[in-house]
Amino acid sequence: MVGENETFASEFILLGFTTWADLQVMFFVLFLAVYVVTLLGNLGVIVLIRMDPHLHTPMYFFLSHLSLLDICYSSTIIPQSLRDFLAEKKVISFARCVTQLFSFATWATTECYVLAAMAYDRYVAICRPLLYSVLTSQRICIGMLAGAYLAGVISSTLHTVSIFRSLFCHSRAIDHFFCDGPPLLALSCSDTRASEVVVAVVVGFNTLSTVAFILVSYSSILAAVLRIRSAAGRRKALSTCASHLASVTLYYSSSILMYLRPVSSHSLQQDKVISLVYSVAVPMLNPFVYSLRNADLRNASWKMVGKKYELDPFLVIPDFSHTTILGITWLKMERNKCCKPSWLSERANLPVSPYLPKKLWDDEDFQESKTRTEMRE
């Protein structure tokens with residue numbers, strides 16, 4: 001019988017990619033650069049969506065949570081890997097290994113359902129445009145998102161419990177760069193067939209059900225697009241789906257290769273490469289995939305970069321002096337910003353900024369400035 005001290009491992013050793021010191025430093029620099037790009041890219045998408053009212057739509061609501069999930073599960077893996085690259089003893093405690101696997105499985109599973117929700121949004125936008133505001137109401141979107149997170153928690157609980165109920169009574173060395181299911185099952189000295197079945201059922205259900213939903217959604221979208229007579233209309237409809245399809249293909253292909261095959265057929269070195277794709281590369285690439293082909297995000301980013309010179313800034317305080325540019329009189333504002341009051345926008349046929357409080361233009365000093373400007377004209 002296996003003794004209790006042999007049944008439970010107090011810690012594991014993550015072997016990582018290599019034991020060569022020079023390569024460890026190279027991997028550290030590479031992972032650090034990827035992590036910084038991942039954080040900046042995904043945080044940038046979230047900030048753009050939060051700051052620009054034009055992006056407060058269901059499509060960008062789900063995209064902001066997709067970026068949040070990418071940050072979460074990158075942060076679950078990469079910081080531990082960075083520490084291990086520079087450490088002589090690459091040890092992770094049993095509790096931390098359990099937490100890492102549970103957290104990663106939660107974020108990864110939730111992302112599957114968020115990608116499916118994004119496919120639903122595209123389906124409604126293209127196939128049911130007249131009902132879009134009803135079928136993607138705030139209540140429905142929040143309900144789908146809450147369901148995605150709940151499915152992630154339930155699935156990761158089953159996933160984690162089924163793996164760590166196994167006995168780890170021999171080697172404690174995990175031939176991987178983080179605590180993942182297949183390398184942990186390969187390390188077990190007990191019969192893992194039941195655990196493999198549970199993992200396959202849980203991962204298979206989450207993956208195949210969401211993939212099937214996405215395929216059905218895009219089949220309907222393709223049929224609707226083919227009925228559009230205008231070539232420009234077809235290109236525009238397909239362009240809204242291209243970035244989502246690219247992200248779905250990259251994410252699901254690597255996940256299916258990793259989890260939906262028997263542990264006996266796993267090559268641990270191959271698993272490391274596949275894991276790099278869905279756990280490190282995909283979170284870094286998603287912001288670029290969604291922003292490079294998305295005019296709304298590009299315009300929002302240029303607007304934020306050039307905010308110093310835009311005509312509709314956030315709250316600023318006028319100094320009540322004025323200047324004339326291209327025949328239009330503008331009020332000078334602090335910090336080299338400028339904006340237009342309603343009485344000038346009416347004459348120039350330009351929209352009034354929604355960010356400026358109405359009482360700012362009702363001030364007596366401003367009314368005097370307006371009168372002086374009209375007299376000079």
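View 1. A pocket is an open set of points, on a 1 Å grid over the protein atoms alone, where a 1.4 Å probe fits, with protein on both sides within 12 Å along at least five of seven lines. The volume is the space filled by probe spheres set on the points, which are joined across faces, edges and corners. Lining residues have an atom within 4 Å of a point. There are 13 of them here, and the closest to the pocket centre are Gly-44, Leu-48, Ser-291, Leu-297 and Ser-301. Helices α2 (21–51), α10 (268–292) and α11 each supply at least two lining residues, with the largest share, six residues, coming from α2. Helices (H or I, at least four residues) and strands (E, at least two) are DSSP runs, numbered from the N terminus. By class, eight lining residues are nonpolar, four polar and one charged. Ala, Val, Leu, Ile, Met, Phe, Trp, Tyr, Cys and Pro count as nonpolar, Asp, Glu, Lys and Arg as charged, and the others, Gly among them, as polar.

**View 2. The largest pocket.** This pocket has a volume of about 290 Å³. It is lined by 14 residues, of which Met-59, Tyr-60, Thr-240, Asn-294 and Asp-296 are the closest to its centre. Two or more lining residues come from each of α3 (58–86), α9 (231–259) and α11 (295–305). The lining divides into four nonpolar, six polar and four charged residues.

**View 3. The largest nonpolar core and another core.** A nonpolar core is a set of buried Ala, Val, Leu, Ile, Met, Phe, Trp, Tyr and Cys residues joined through side-chain atoms within 4.5 Å. Buried means under 20% relative accessible area, exposed over 50%, and partly exposed in between (1.4 Å probe, protein chains only). The largest core has 56 residues, and those with the most contacts inside it are Phe-31, Leu-63, Leu-115, Met-118, Ile-214 and Tyr-251. Its largest share, twelve residues, comes from α4. Leaving aside neighbours within four places in sequence, Leu-63 is in contact (heavy atoms within 4.5 Å) with Val-45, Ile-49, Met-118, Tyr-290 and Leu-297.

**View 4. Ser-275 in helix α10****.** Ser-275 is buried, with a relative accessible area of 0%. Not counting residues up to four places away in sequence, Ser-275 touches His-176, Phe-177, Phe-178, Asp-180, Met-258 and Val-280.

**View 5. Trp-107 in helix α4****.** Trp-107 is partly exposed, with a relative accessible area of 23%. Residues up to four places away in sequence aside, Trp-107 touches Leu-69, Cys-72, Tyr-73, Thr-76 and Tyr-149. Trp-107 and Ile-71 are 36 residues apart in sequence and 9.4 Å apart in space, C-alpha to C-alpha.

**Notes to all views.** The chain has 14 helices and six strands, and buried residues make up 46% of its 377 residues. Residues are numbered from 1 along each chain as its sequence is written, and side-chain values use heavy atoms, with hydrogens and water left out. In this predicted model local features need pLDDT of at least 70 and side-chain atom pairs count only at pLDDT 80 or more, while totals for chains, interfaces and linings use all residues.
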